[in-house]
Amino acid sequence: MKIYLALAALSLCCFLIGCNKTGTPTEYTNACSEANDKKYIEVAGFLDDKGGIFCSNTGGGPVRCGFKLLQNSGDPKGFSADIEIGTGANSVEKITGSYKREDIKIHDNSGNVINLADKYRVTGKLNFAKDPTAKTGDVCYLTVTKIEK
């Protein structure tokens, strides 16, 4: 019985350590690079819906909604920051149908609703895909695990 209890405690510790990923601080201009593929990074920027939000559970995981992480507010381009749907810390509340910008409720690491006009540090696992044609540019998306002021 003691061995099962010890194995359960060890499994729980491994699970908790695995969920609490810290990211390597990364400059925005260096974030979307092949060197960061599959790595946890921390990058500062502005979260923006760019006029539309697409939510899905690609790969059968949790439902996440894609926002753009911009270097500067109002930039025309950025890379995708996918935030899990929820009501707790580091999540976005579900949006249905048409919405206004003020309807977007993203919660930071403390559970507070963020102001989309402010800059935040976002941590997550970066995925990089090289553009083989070199016409549209490389593609990156960050699976967000933490949002901080």
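Is Cys140 buried or exposed? Cys140 is buried, at a relative accessible area of 6%. The model is a predicted one, and a search of the whole structure turns up two disulfides. With the bonded cysteines of the protein chain numbered in sequence order, they pair 1-4, 2-3.

**Cys32 and Cys140**

- A disulfide connects Cys32 with Cys140, with an S to S distance of 2.1 Å.
- This link between Cys32 and Cys140 joins distant parts of the chain, 108 residues apart.
- Cys32 sits in the loop between α2 (28–31) and β2 (40–48), while Cys140 belongs to strand β9 (residues 139–148).
- The link of Cys32 and Cys140 is right-handed, with 95 degrees about the S-S bond.
- Cys32 has a relative accessible area of 28%, so Cys32 is partly exposed.
- Cys140, at 6%, counts as buried because the cut-off is under 20% relative accessible area.

**Cys55 and Cys65**

- The sulfur atoms of Cys55 and Cys65 lie 1.9 Å apart and form a disulfide.
- Cys55 is in strand β3 (residues 54–56) and Cys65 is in strand β4 (residues 64–70); the pair links distant parts of the chain, 10 residues apart.
- The disulfide of Cys55 and Cys65 is right-handed, because the torsion about its S-S bond is about 105 degrees.
- Cys55 is partly exposed, with a relative accessible area of 29%.
- Cys65 is buried, at 2% relative accessibility.

How values were computed: Residues numbered from 1 in each chain as written. Predicted model: local features only at pLDDT ≥ 70, side-chain atom pairs only at ≥ 80, totals over all residues. Heavy atoms only, no water. Disulfide = S-S within 2.5 Å. Helix = DSSP H or I, 4+ residues; strand = E, 2+ residues; numbered from the N terminus. Buried < 20%, exposed > 50% of the residue type's maximum accessible area, 1.4 Å probe, protein only.
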